[in-house]
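Please read it alongside the sequence and coordinates.

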Amino acid sequence: MDSKNPTKTVQQSVARQIAELIESGNLKKGDKLPAERALAEKFKVSRSSIREAIKSLAQKNLVESRRGDGTYILTDMDADIFDAFIAAFSDQKKRISDIFQFRKIIEPEIAALAAASMDDETLNRLKVIICNQQMKAQNGKNSSDLDARLHLEIARATGNSIFPEMMMALDLIVNESRSEILQPTARQKASIDAHFNILEALEKRNPAQAREAMRRHIVEIEKAATGNDSEL
C-alpha cells in the first residue's frame, strides 16, 4: 500500500470492495457495474476515485469499460488473476487490522500518561492543531497530517522520550490506517469530535478518561476503515 499517497489508497480500497462484490456473487461475470454516482455514494468517495479504481480493475482484465454504455465485468476473466487480486487485498486488510491492534494497545496508555503530566503550553498546541484540522475538513481538504501531529504531540506530553521516537519511527505504518479512512466529510467530523473528547480529558488531567477517549477513538476509526468493531 502506498501510505504516502492517500488518494491512491482510497482508489485501492474501492477496487478491493468492487472485487469483493464479484467474489461474493453480488456481482457476476457479464454484469454491468452500477453508475459512477451510485458507486461513489455506496463507498462514500469521490467519482474520480471510482474512475481510477475501475481503471485499475480494467488493467487487470477484470472489467471492461464500453464507451457510451458503461463498465462490465468480463465474462472471460482469468480466474487465477482474480484470485491473486483478492489475495493481495486480503493481505492488505490483515496489515491494516494489525496496525489497529497495535494502536489500541499503545495509544490509550500514551494518552493516560499524557493526561497525568499535561501542561498548559502543550494543551494550547493541541487546541491549535484540532482547530486547524477542523478548518481543513470544512474546506474539503485532507487533514491526516494534522491527525499525525496531534498524536505525536500527545506522545511527547508523556515526558517519556521513547514514545515520540516510537511514533515517528512508525509514522509511515500508522499512516496506512489513517489513509484507509480518508476522507469523507462525515468521517473527518467524527474523528475531530473524538479529538475534542480526548482534549477535554487531557484538560481535566484525567488519565482514565483520556485512556477511554483514545481507545474509543481508535475503535471507531477502525470500524470506519475495516468494518471491524472489535474492542481489542
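Which exposed residues are carried by the face of α7 turned away from its buried side? They are Ile162 and Ala169, where exposed means over 50% relative accessible area and buried under 20%, with partly exposed in between (1.4 Å probe, protein chains only).

1. Basis. This is a predicted model, in which local features need pLDDT of at least 70 and side-chain atom pairs count only at pLDDT 80 or more, while totals for chains, interfaces and linings use all residues. Residues are numbered from 1 along each chain as its sequence is written, and side-chain values use heavy atoms, with hydrogens and water left out.

2. Helix pair. The axes of α6 (residues 144-156) and α7 (residues 162-169) come within 7 Å and cross at roughly 155°; axes are lines fitted to C-alpha atoms over the stretch in contact, with angles from 0 to 180 degrees between N-to-C directions. Helices are DSSP runs (H or I, at least four residues), numbered from the N terminus. The two helices are therefore roughly antiparallel (over 145 degrees).

3. Contact. From α6, His151, Leu152, Ala155 and Arg156 meet Phe163, Pro164, Met167 and Met168 of α7 (contact: heavy atoms within 4.5 Å).

4. Buried face of α7. Phe163, Pro164, Met166 and Met167 are the buried residues of α7. Seen down the axis of α7, they fall within an arc of 160°, so they line one face of the helix; the arc is that of directions from the helix axis to the C-beta atoms.

5. Gln133. This residue of helix α5 (residues 120-138) is buried, with a relative accessible area of 2%. Leaving aside neighbours within four places in sequence, Gln133 contacts Ser143, Leu146, Asp147, Ile192 and His195.

Terms used: Parallel < 35°, antiparallel > 145°, perpendicular 65-115°, else oblique.
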